[in-house]
Amino acid sequence: MLKALIKTLALTAALLLITGCGEPTDTTDEVDYPTADSLIAALETTYDHLDLESYGGLFDEDTGFTFHFDDDDVDAGLPESWDLEAELDAAASLFTTIDPASFQFSLEDTDIEEPEEDTATLNNIDYDLRLVSDAELIVAQGRINLTIERIDGDWRIVECWDEYYPVTAGLQQSWGAFKYDNR
């Protein structure tokens, strides 16, 4: 009887180890971005898929975040900048009202080299945003410059500067104006 009990316990322990139940698991939702490229790829993916939870993970609450609007947008009455709370509020409103099937967002980074320091500015990341809304095509194109900071070994976005440029005829707005108008 003792031999059968030992076999049963050994088998149970082996099954627990195989399935991972014997190991403590990390229950945090925080995602790691060990390289600048992984952070930029995540920015594109979370925005394109309208994934608010993952989008919020691109920033560090303690460090904060500032979004700087394009100068032409500021001249047209938009604020010079807004903070992390306003950014996440705008994203929440935007992400819950847009039909993902009618939205496309892409970034094109231009050969980002992995920064050696713990703070870096990544310049000239082109963006292209398209939304079909009420049979109207809304297009925003430009570039962003990002300041990123390595926090506990992972990169987070701390500042973003929007630079609108009309590449295609009929462009209505910048990314910042799009976010502001759809908040």
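## Salt bridges

A salt bridge here is a side-chain nitrogen of Lys or Arg within 4 Å of a carboxyl oxygen of Asp or Glu. By that criterion, a search of the whole structure, which is a predicted model, returns four salt bridges. Side chains of opposite charge can pair when their charged atoms come close.

One of the four joins the side chains of Asp118 and Arg150, with an N to O distance of 2.9 Å. Asp118 sits in the loop between E3 and strand E4 (119-133), while Arg150 belongs to strand E5 (residues 136-151), so this pair ties together parts that are 32 residues apart in sequence. Asp118 is partly exposed, at 45% relative accessibility. Arg150 is also partly exposed, and its relative accessible area is 23%.

## Pairs involving strand E4

Asp126 and Arg143 form another salt bridge, in which the closest N and O atoms are 3.5 Å apart. Because Asp126 is in strand E4 and Arg143 in strand E5, the pair ties together parts that are 17 residues apart in sequence. Arg143 has a relative accessibility of 26% and counts as partly exposed.

A further salt bridge links Arg130 with Asp128; their closest N and O atoms are 2.6 Å apart.

## Negative surface patch

Asp71, Asp72, Asp75, Glu80 and Glu163 make up a negative surface patch. Helix H4 (residues 71-75) supplies the largest share of this patch, namely three residues.

Glu80, another member of the patch, is located in the loop between H4 and strand E2 (81-83). Its relative accessible area is 62%, and Glu80 is therefore classed as exposed, since the class begins over 50%.

Ser102 is placed in the loop between helix H5 (84-97) and strand E3 (103-108). Is Ser102 buried or exposed? With a relative accessibility of 19%, Ser102 counts as buried, because the limit for that class is under 20%.

The side chain of Ser102 reaches the backbone oxygen of Asp99 at a distance of 2.8 Å.

Notes:
Residues are numbered from 1 along each chain as its sequence is written. This is a predicted model: local features need pLDDT of at least 70, side-chain atom pairs count only at pLDDT 80 or more; totals for chains, interfaces and linings use all residues. Side-chain values use heavy atoms; hydrogens and water are left out. Patches are made of residues with over 30% relative accessible area and no salt bridge: like charges are joined within 9 Å, nonpolar side chains (Val, Leu, Ile, Met, Phe, Trp, Tyr) within 5 Å. Accessible areas come from the Shrake-Rupley method with a 1.4 Å probe; for residues, only the protein chains shown count as cover. Lys and Arg count as positive and Asp and Glu as negative; His and the chain ends are not counted. The place of a charge is taken as NZ of Lys, CZ of Arg, CG of Asp or CD of Glu. Helices (H or I, at least four residues) and strands (E, at least two) are DSSP runs, numbered from the N terminus. Buried means under 20% relative accessible area, exposed over 50%, partly exposed in between (1.4 Å probe, protein chains only). A polar contact is a pair of N or O atoms within 3.5 Å; within protein, one must be able to donate a hydrogen and the other to accept it, and residues adjacent in sequence count only if both atoms are side-chain atoms.
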